[in-house]
Amino acid sequence: VLDLRTASRCEARRALLPRAQQYGDTLRVLFRRAGIEVRTFRCAPDHPLHRDSGPIRDFSVVFPRTSGSIQHEGKAPFFASPLVAPLYNRGQRYVRCGDNPHNTRGDRSDWIGIHDQQLVLRIAREFEPRIDDTPEEPFRFPFAPAPAAVYARQRALHHRLRGAEELDPDEVEHEAVDIVRDLLAAAYRSERPRALSPGEHR
């Protein structure tokens, strides 16, 4: 189980840095509005941020493009992959743990982050009416199964944001929120989502 008391002083100081300094060129923001952000994270295995990139600064859903083990503080590790999407509440501490010989590219993932707590609570309340009892943890599960259709939608959104087409911000925000909602729906349908182990297939 992850014990954050073992984190280095350097890691603790890094968590207090402005985000641009903390993440450097590993993070690229594709879209930002008051309540929501769409971004990418690219971190090689030998990068200082690969094991511990600090606490999460918003409520995030992550669509991995590579695979590897993730461990939330106080929780058992799980295997994240394009089939298994990590979920993070704001302030969540976690590490990437274990070696995956099949992944030499490190962490390559696409993120949707929600800064507006009321917005994420409104989404979660559709599936968990008593979510206001634990407003700091609107995501009950550490991960969700990523249906192919939802994964494809977020890839399409990222592709459009990288393109030359000028997009309607309202449309982008609406699509991002719908993707988060559909991913949460998949988590609640499975109720106790289970991450696949390396080499395991559906």
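## Salt bridges overall

Count up the salt bridges in this chain and you get 17. Keep in mind that we're looking at a predicted model here. Side chains of opposite charge can pair when their charged atoms come close.

Some of these contacts go beyond simple pairs: Arg-32, Glu-37, Arg-39 and Asp-58 are joined in a salt-bridge network.

## Pairs that span the sequence

Start with Glu-126 and Arg-181, a salt bridge whose closest N and O atoms sit 3.0 Å apart. Glu-126 is in the loop between H3 and strand E9 (143-145) while Arg-181 belongs to helix H5, so this pair ties together parts that are 55 residues apart in sequence. Both partners are partly exposed: Glu-126 has a relative accessibility of 46%, and Arg-181 comes in at 23%.

Helix H5 turns up again in the next pair. Glu-175 and Arg-153 meet through their side chains in a salt bridge, 3.0 Å from N to O. Glu-175 sits in helix H5 and Arg-153 in helix H4, so to speak distant parts of the chain, 22 residues apart. Glu-175 counts as partly exposed because its relative accessibility is 22%, and Arg-153 is partly exposed too, at 26%.

## An exposed pair

What about Asp-133 and Arg-130? Their side chains form a salt bridge, 3.1 Å from N to O. Asp-133 is exposed, with 52% relative accessibility, and Arg-130 is also exposed, with a relative accessible area of 62%.

## The nonpolar core

Which residues touch the most other members of the largest nonpolar core? That would be Val-61, Phe-63, Leu-87, Ile-112, Leu-161 and Leu-183, out of 35 residues in this core.

H5 gives the most, with nine residues.

## A positive patch

Over on the surface, four arginines gather in a patch of positive charge: Arg-28, Arg-65, Arg-105 and Arg-162. Where does Arg-28 sit? Its place is in strand E1, which covers residues 27-32. Arg-28 counts as partly exposed, since its relative accessibility is 44%.

Methods
Residues numbered from 1 in each chain as written. Predicted model: local features only at pLDDT ≥ 70, side-chain atom pairs only at ≥ 80, totals over all residues. Heavy atoms only, no water. Patch = residues over 30% accessible without salt bridge, like charges linked within 9 Å, V, L, I, M, F, W, Y side chains within 5 Å. Areas by Shrake-Rupley, 256 points an atom, 1.4 Å probe, with all protein chains shown as cover. Lys, Arg positive; Asp, Glu negative; His and termini not counted. Charge placed at Lys NZ, Arg CZ, Asp CG, Glu CD. Helix = DSSP H or I, 4+ residues; strand = E, 2+ residues; numbered from the N terminus. Buried < 20%, exposed > 50% of the residue type's maximum accessible area, 1.4 Å probe, protein only. Core = buried A, V, L, I, M, F, W, Y, C linked by side-chain atoms within 4.5 Å.
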